[in-house]
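Hello,

I am passing this model on to you, with the sequence and coordinates just below. My notes on the fold and the helix packing follow.

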Amino acid sequence: MANKPLIYFLCTGNSCRSQMAEGWARHLGGDKVEVYSAGIETHGLNPRAVSAMKDAGVDISHHTSDLIDPEILNKADYVITLCGDANDKCPVTPPHVHRLHWGFEDPAKVTGSDDEITAKFHEVRDAIKERIAKFLEEEINQ
């Protein structure tokens, strides 16, 4: 495929869900896709997200927390928001961009014991993986 589809995952702080989504899309999509993630704000990379992904065999420790880049946004084939805040505040996208919203609970907002918080990160990580695998199968691997 000469022109790889560009997928842009957006979330509020680009620290957790969008980072996991970028990691999974790169891991599962391989060289068939170009993948980025960004946020309305930058909150840094959540260490629990890094750990949860590492537990699943995907290294996102080198990722950075980035603000939405209008250039990437405008050349994206798919813009996928992962939280309601990003969906509401995302800049207008050009008509050629397929805009999707996949709402996932923010594991960084979960309270409880260390084990309970880790379990929520794993749950959200696995839900994102499942949704991306389905998306890649339906949209990219046709």
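A word on terms before the sheet: two strands pair if DSSP finds at least two bridges between them, and helices (H or I, at least four residues) and strands (E, at least two) are DSSP runs, numbered from the N terminus. Please keep in mind that this is a predicted model, in which local features need pLDDT of at least 70 and side-chain atom pairs count only at pLDDT 80 or more, while totals for chains, interfaces and linings use all residues. Residues are numbered from 1 along each chain as its sequence is written, and side-chain values use heavy atoms, with hydrogens and water left out.

Overall, the protein chain has 5 helices and 4 strands, which run β-α-β-α-α-β-α-β-α from the N terminus on. A compact globule of 142 residues would have a radius of gyration near 14 Å, and the 14 Å of the protein chain agrees with that (taken over C-alpha atoms; the globule rule is 2.2 Å times the number of residues to the power 0.38). Along the principal axes, the C-alpha atoms fill a box of roughly 45 × 30 × 25 Å.

Now the sheet. The 4 strands form an open, parallel sheet in the order E2-E1-E3-E4. Strand E2 (34–39) and strand E4 (98–101) are at the edges with a single partner strand each, so one side of each has no neighbour in the sheet. On average, neighbouring strands are turned by 20° against each other, direction ignored. Strand E1 (residues 6–11) pairs with E2 in the parallel sense over 6 bridges, and Phe9 stands opposite Ser37 in E2.

H1 touches E1 and E2, its direction making about 175° with that of E2; H5 touches E1, strand E3 (78–81) and E4, at about 160° to the direction of E3. Contact here means heavy atoms within 4.5 Å; axes are lines fitted to C-alpha atoms, for helices over the stretch in contact, and angles run from 0 to 180 degrees between N-to-C directions.

How do H1 and H5 cross? The axes of helix H1 (residues 17–29) and helix H5 (residues 114–140) come within 9 Å and cross at roughly 45°. Residues that meet include Trp24 and Leu28 in H1 and Phe121 and Ile128 in H5. The residues of this contact comprise 11 nonpolar, 1 polar and 3 charged (Ala, Val, Leu, Ile, Met, Phe, Trp, Tyr, Cys and Pro count as nonpolar, Asp, Glu, Lys and Arg as charged, and the others, Gly among them, as polar).

Helix H2 (residues 47–55) also meets H5: their axes come within 9 Å and cross at roughly 65°. Among the residues in contact are Arg48 and Met53 of H2 and Ile117 and His122 of H5. This contact divides into 5 nonpolar, 2 polar and 4 charged residues.

Best wishes
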